[in-house]
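Dear colleague,

Please find the structure below, handed over for your study.

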Amino acid sequence: MLRVIYDWSEVWALLIPLFYIYKAKKTPVYLKPVKVFVWVSLILNLAQMIIWYRLKLHLPEFPAILQSNTFIYNLLSATRLITFSLFFILLGQHFMPRIKKIIPFGFLLFMIINFIFYEQFFSVAISSRILATEAALLLFYCIQYFIFQLIESNSISLPKQKGFWVVIGLSIYVAVNFFIFLFYEYLTDSAKTFAVDMWDVHNAVHIILCIFIAIQFNQKNDK
Amino acid sequence: MTSDIKYLVIIGIAVMLLMVISILFAVIINQRKKNQHRTAMEKLREQQQNQLIEAAVRSEEQERHRIAETLHDEVGAILSSAKLHLLGIKADVLDDRDQKLHEKGRELLNDVIQKVRGISHNLHSNILKEFGLNEAIRHFVRKVTEGSILNASTNLDDNYATENSENDISMYRMVQELINNTLKYANATEFLISSVLTGNELDLVIFHNGDGLTQVQFEELRYQKEGLGLKNIQNRIILLKGSIYFTGGDEGYRINIHVPVKSNQ
């Protein structure tokens, strides 16, 4: 039973920030992309878990392209990068503004090229290339946020900085998952048990990310 | 090969986490340093502001003394001399019209001498220096309410002893300004000034039944050009590290002045 609960953590963990999103009367502009991320992630994760659990749920046979849920991780990856890029852009930190704006377009182009020429979008394996690139780019966003805090910021309280808790959660998420994503394709082939363990680690940091997003939405934010 | 990859993943996760934690730690340390620097700068700015206020208040006080001395020693002396000369005129040889003029001149001259003496004593804090704050306030209240319809009374704590004469001057000037304002604008018929000494803290309360100020009005007025007196009061309060609070109600208006009286010399 615990195993099932833990497997479904990618879905229920998102209900934590959703509760605070619902509770928060006003969402600052820079948090709107995060709100979108939470909703879209919930829908996509629910879909991928239904595909994953279709036999246990005694659902009728799915079409051939829905036999594997890995393509949803590609969609999740694109959603994560686009929404969090927008979040970092809307934070309004005057630090590397051009690079921050180019990254989401560059990543989408990279995804398109990758799935046209190198990998299959509806492949049975998770695309390590896409997910690791996404994690690296998000890590770059997080590091530039902290560098900005080091160099430019004059704010008195760090936790009250715009988007601070989201960045903390995201930093942990991408820092832990970068190596998991990078080698996941290889591990699923050669060390399946270890891969499953690593995915449990991924789920744990996903819960952490959701908690930090919830903390952010629970804070009284400046518009 | 697979076990190498496993180690690589685990070490990679650890290194990445360590990196994020280190960056976060650096940001926190840096923020703390910035805050310390900001606090130090604010303290310095406040200190400089207080020094400026102190210098302004002291120079104002010196100027008052200079004017008081000039009025007393020079104008007063000339007026006394003029009175002597006027008294030297033999009035009995004058005709009725000139006698009346002589008499009127003498009265006016006496009035002027009294007024100059009054102004000089007001500006100079002789009584304050010789008899202390309480006596100076009592004397001032008696003097300004003499002959008016205002029923003024004082109830001052005699346990208070001067710790710092400069601070006493500031308190006295504030009370002077507030009483003058009450007389000018409040149309009060009852007036009470009282003080209570608790430990090292003196609470002065000015109460009257006229139209007074509330704290909000005080805050507004002291930023206006006309509110110079109130601005001076605020400066003196900052200098004394005290507080002032204006309240109003149906029964009257109250000004509470709270001042630490421990010597800071």
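In which loop of chain B does N187(B) lie? N187(B) sits in the loop between α5 and β2 (190–198) of chain B, where helices (H or I, at least four residues) and strands (E, at least two) are DSSP runs numbered from the N terminus.

Some conventions come before the rest. This is a predicted model, in which local features need pLDDT of at least 70 and side-chain atom pairs count only at pLDDT 80 or more, while totals for chains, interfaces and linings use all residues. Residues are numbered from 1 along each chain as its sequence is written, chains are lettered from A and ligands numbered from 1 in the order in which they are written, and side-chain values use heavy atoms, with hydrogens and water left out.

Backbone and chain A

Most residues other than glycine have a negative phi. N187(B), although not a glycine, has a positive phi of about 50°. N187(B) is exposed, with a relative accessible area of 65%; buried means under 20% relative accessible area, exposed over 50%, and partly exposed in between (1.4 Å probe, protein chains only). M96(A) is likewise not a glycine and has a positive phi of about 50°. M96(A) is found in the loop between α5 and α6 (97–118) of chain A and counts as partly exposed at 29% relative accessibility.

Chain A has 9 helices and 0 strands. Of its 223 residues, 52% count as buried.

Pockets

On a 1 Å grid over the protein atoms alone, a pocket is an open set of points with protein on both sides within 12 Å along at least five of seven lines, whereas a cavity is a set of points where a 1.4 Å probe fits but cannot get out; lining residues have an atom within 4 Å of a point. Grid points are joined across faces, edges and corners, and a volume is the space filled by probe spheres set on the points.

The largest pocket has a volume of about 640 Å³. Its lining has 25 residues, and W52(A), N69(A), Y184(A), T188(A) and W199(A) are the closest to its centre. The largest share of this lining, 6 residues, comes from α9(A). The lining divides into 11 nonpolar, 7 polar and 7 charged residues; Ala, Val, Leu, Ile, Met, Phe, Trp, Tyr, Cys and Pro count as nonpolar, Asp, Glu, Lys and Arg as charged, and the others, Gly among them, as polar.

The second largest pocket has a volume of about 380 Å³. It is lined by 21 residues, with N181(B), Y185(B), L213(B), L221(B) and L230(B) nearest its centre. Here α5(B) provides the largest share, 7 residues.

Cavities

The structure holds 3 cavities of 30 Å³ or more. The largest cavity contains about 70 Å³ of space. Its lining includes H121(B), H124(B), H139(B) and Y172(B), and divides into 4 nonpolar, 6 polar and 1 charged.

Surface patch

M1(A), L2(A), V4(A), I5(A), W12(A) and L15(A) form a nonpolar patch on the surface, with about 630 Å² of accessible area together. Accessible areas come from the Shrake-Rupley method with a 1.4 Å probe; for residues, only the protein chains shown count as cover. V4(A) is partly exposed, with a relative accessible area of 31%.

With kind regards

Notes. Patch = residues over 30% accessible without salt bridge, like charges linked within 9 Å, V, L, I, M, F, W, Y side chains within 5 Å. Salt bridge = Lys/Arg side-chain N within 4 Å of Asp/Glu carboxyl O.
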